[in-house]
Protein chains: 2
Amino acid sequence: MKTVIIGGAATGMGVAAKLKRLNPEMEIKVIQKENYVSLGACGIPYYIGNHFDNSQTLIARTVEKFREQKIEVIINSNVTKIDFKNHEVYYNNNVEYYDNLVIATGAKPIIPSIENISGNNIFTVSTKQDGENIRAKLASTKNVLVVGSGLIGLEMIENIKTFNSKIDITIIEKSQRPLQSLFDEEFTSVIEEKMAEKNINLIKNNEVDKFVLNNHGDVKGAILKTGEKILCDMVILAIGFAPNTEFLQNSGLNLNSRGSIIIDKYCQTNFNNVYAGGDCAETFGFLYNDPKVLYLATIANKHAKIIANNIFKAQFFEFKGTLGTAIVRFFDLELARTGENNFVLENQRVLTKSVLVKDKDHTNYLENQNDLVLKLTIDQATKQIVNAQILGKDKAVMRIYGLIGLMWSRTSVDEHLEQIDLPYSPPFSRTTDIIQIAISKLV
Amino acid sequence: MKTVIIGGAATGMGVAAKLKRLNPEMEIKVIQKENYVSLGACGIPYYIGNHFDNSQTLIARTVEKFREQKIEVIINSNVTKIDFKNHEVYYNNNVEYYDNLVIATGAKPIIPSIENISGNNIFTVSTKQDGENIRAKLASTKNVLVVGSGLIGLEMIENIKTFNSKIDITIIEKSQRPLQSLFDEEFTSVIEEKMAEKNINLIKNNEVDKFVLNNHGDVKGAILKTGEKILCDMVILAIGFAPNTEFLQNSGLNLNSRGSIIIDKYCQTNFNNVYAGGDCAETFGFLYNDPKVLYLATIANKHAKIIANNIFKAQFFEFKGTLGTAIVRFFDLELARTGENNFVLENQRVLTKSVLVKDKDHTNYLENQNDLVLKLTIDQATKQIVNAQILGKDKAVMRIYGLIGLMWSRTSVDEHLEQIDLPYSPPFSRTTDIIQIAISKLV
């Protein structure tokens, strides 16, 4: 019985490790593009921000460690074709037969078709090499242009400023607001204020038309769609991801319109014994079962466990769906969110009721009392919470755990819930917590 | 229609304010012992610790503010008798007729019958005056003896050290461990280590036999049951509370064996139109409906709301019970807990399963990664979480919100819950959160 896994990141290596624990006799081969596996890619911005020195720290577990466990890892290898009929995977000049196949090729940064996009010092944030290259170059960089103000764009801004607060940063966003799909305007306006405070030049509703290079091919600026010129000696592209599935086009494997592999809730593709999970696969919402394309390590890890269990037991372990939970730090600001955004809610024709509460994180008489903002949205039909967004400082947003607990339990917002026994102690909270205030306004 | 409220703390003033909002025509009289109302007693240790300068800050709302709202507040008045048959309250030299009566007299610190207990510089932590007296005396104090290592004892230790780290502290605990009814040994042992680190002398399994006074009547030491002598020039008594209900003995009002007023879930006593709530009343557990005596501001606030609603609407707003949630800081340590302790679980004959997980609060490559310990206990029959305890630093224990959400929703621990969509971001958490690890071990 042989399981072949394509891709050595969270899902792939997660399946390998779990499956080996479940069945030490199982033959497991991982085919990996890079010369390493188990990259903690979420750490790259923090490596760039000088929070740690050795990029090797980003590697959660080495190839050697996996090999010690008798998991075969074939590095530096690109899968070019899969013959699903004959159970064969083609890579470099080899063919590998499989009994079970796991496709966990992840996603790659989108690189837009812009003139001079291949100029020097235009980077994405995805591989270990990206991190090393950016950090090395930052030492001689004065002006950075960040393209895209999603989670990675914001993490990069914070970390570039941590690396060297004198580096000037311009950030350009195609849509009307940063983090538009994650947070409502009441929250993103505070991010914009923080950018202004940090002298970060945010340009919204605009795009790069072309990059300008010098004689050495180094980027020296960008011209925007509106004609505006931006000086920069480094560009960070953070406009999003696309699944690594080109080699699967026309293979017979079902892909959605964005190229994500379509899987059922057992992480099975349309071919028997072929599983997919993580960033290369489509996922779905916990609340409304709607298909989603998200690139989250938490989903990748859960998919891994489900795939390993299903291969081992041939039972049906189900993925339960995602709330799209996210938490992000932006300098001293913290934002957390979970649940469906307005776009999805409107699409699902959900009648909602929302409340926005502005309060404080703890008692007024203790130091460092900070503003705390919570927006809660319920489905008017079920009275269940369908979206929660929190903004605060100093970990007050960890309250999102409570709201996730309620959403995951599909609990109704009513007089019973209003009395939820949340903790009170002067350094941590007020006698009536912001969550209770919000619930009382929705009852 | 006249409502008389006895007691001007959280429950009493909470009822007054809410009832006035519900029915501005209602005649409301509050009879209060002190010359102030709405004392935030939980702030007293922090006032002593010099976190703020003006003890008036402890007053959430003044008598004048309530009077502006046409709530009559009669201060410096002790109720001595209630004639429930004729609806009359006797205080000082007056009698007040009521249509509805609310008894919210709270609790007072237990003062043990120990020789020389009335010596100078032996304090409790309850009134504003207590706070002022302790803080004034601390300036000339070298050795403090704290009697009792519950929440207030620990808060006092931290704040005495914040006031002046050179003050020597001895703490004496009758039972085997500090915070014994709140936390298991795995957690309290860490508190004991922290005490040792801070050179605090913890004496367990022992009690004060008598205090020793000097010629001026000032305390200068204590002799323990074991004969050991402790030098001290100040004593903080923090051995617990008892309800302020002596004046109700033999009045016909039902009290439990500890003197707490017995109420139903609507906060009604055994007399029509007589309500009680907060620290002077008995409460009950959310999980097993068992009667409990707890002194928590969160319960007092909820009782207030229920009483006001029930008086106004003559409807039945129910109290849902308590999880005994608590959160406490002890220097850089933080502990949070919720649910039933082993004593109650054994009493209720609940078969349980527990897991203790030692993990870290966030990713290893970011600064200030700290130990995080979680103990989860489930009821084997229902698979519901019945107890959670967390120990950590830097607000990582705010995860207790998540566990409270699950307990309040009576959610079962199963494969579904294992996938709960908790947030991941390097500064806040790891890809698999400690809550998920604990749940996976209980499935």
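Here is a walk through how the two chains of this predicted model sit together. Local features need pLDDT of at least 70 and side-chain atom pairs count only at pLDDT 80 or more, while totals for chains, interfaces and linings use all residues. Residues are numbered from 1 along each chain as its sequence is written, chains are lettered from A, and side-chain values use heavy atoms, with hydrogens and water left out.

Now the interface. Here 66 residues of chain A are in contact with 66 residues of chain B (heavy atoms within 4.5 Å). The copies meet through the same surface, because 100% of the interface residues of chain A are also interface residues in chain B. About 5800 Å² is buried between the chains, 61% of it from carbon and sulfur atoms; this is accessible area (1.4 Å probe) lost on being put together, summed over both parts. In chain A, Tyr401(A), Asp421(A) and Phe428(A) lose the most area to chain B, together 15% of what that side buries.

Six salt bridges link chain A and chain B (a side-chain nitrogen of Lys or Arg within 4 Å of a carboxyl oxygen of Asp or Glu). One of them pairs Lys395(A) with Asp394(B) at 3.3 Å, N to O.

Technical notes: Buried area = accessible area lost by both parts, 1.4 Å probe.
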